[in-house]
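Here is a quick tour for someone meeting this protein for the first time. Have a look at the picture, then read on.

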Amino acid sequence: LNTVWALVFQRLEEKSQHELRALQRQWIKDRDAKCEKIASGYTNSAYDLARVQCLTNETIRRTIWLEKLR
């Protein structure tokens, strides 16, 4: 994600960089809230597993989305 982010970010004009940064910050908040909600139905190690799996899946989706902007 970070590598693709940097490639996309560098290619943008300053205004678009600010917009993408704001979108990314909102995505992080939304991702964290979504994964917390999913994991909250579990306890102990199952909670951790559900949360990490969700974070991984969301990060993969976001990386694919960013790849399309390249």
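## What sits over helix 1

Let's start with the buried residues of helix 1: what covers them includes helix 2 (14-39) and helix 3 (44-69). Keep in mind that this is a predicted model.

Helix 1 takes in residues 2-11, and its buried residues are Val 4, Trp 5, Val 8 and Phe 9. Why do they end up on the same side of helix 1? Because they cover an arc of only 130 degrees around the axis.

## The overall fold

Now step back to the whole chain. The protein has three helices and zero strands, and reading along the sequence gives the pattern α-α-α.

The C-alpha trace spans about 45 × 15 × 15 Å along its principal axes. As for the radius of gyration, the protein comes in at 14 Å, while a compact globule of 70 residues would be near 11 Å. If you take the contacts between residues at least 6 apart in sequence, 54% of them join residues at least 24 apart.

How much of the protein counts as buried? That would be 26% of its 70 residues. The protein exposes about 5300 Å², with carbon and sulfur atoms supplying 52% of that area.

Note on methods: Residues are numbered from 1 along each chain as its sequence is written. This is a predicted model: local features need pLDDT of at least 70, side-chain atom pairs count only at pLDDT 80 or more; totals for chains, interfaces and linings use all residues. Side-chain values use heavy atoms; hydrogens and water are left out. Helices (H or I, at least four residues) and strands (E, at least two) are DSSP runs, numbered from the N terminus. The radius of gyration is taken over C-alpha atoms; the globule rule is 2.2 Å times the number of residues to the power 0.38. Buried means under 20% relative accessible area, exposed over 50%, partly exposed in between (1.4 Å probe, protein chains only). Contact means heavy atoms within 4.5 Å. Accessible areas come from the Shrake-Rupley method with a 1.4 Å probe; for residues, only the protein chains shown count as cover. The arc is that of the directions from the helix axis to the C-beta atoms.
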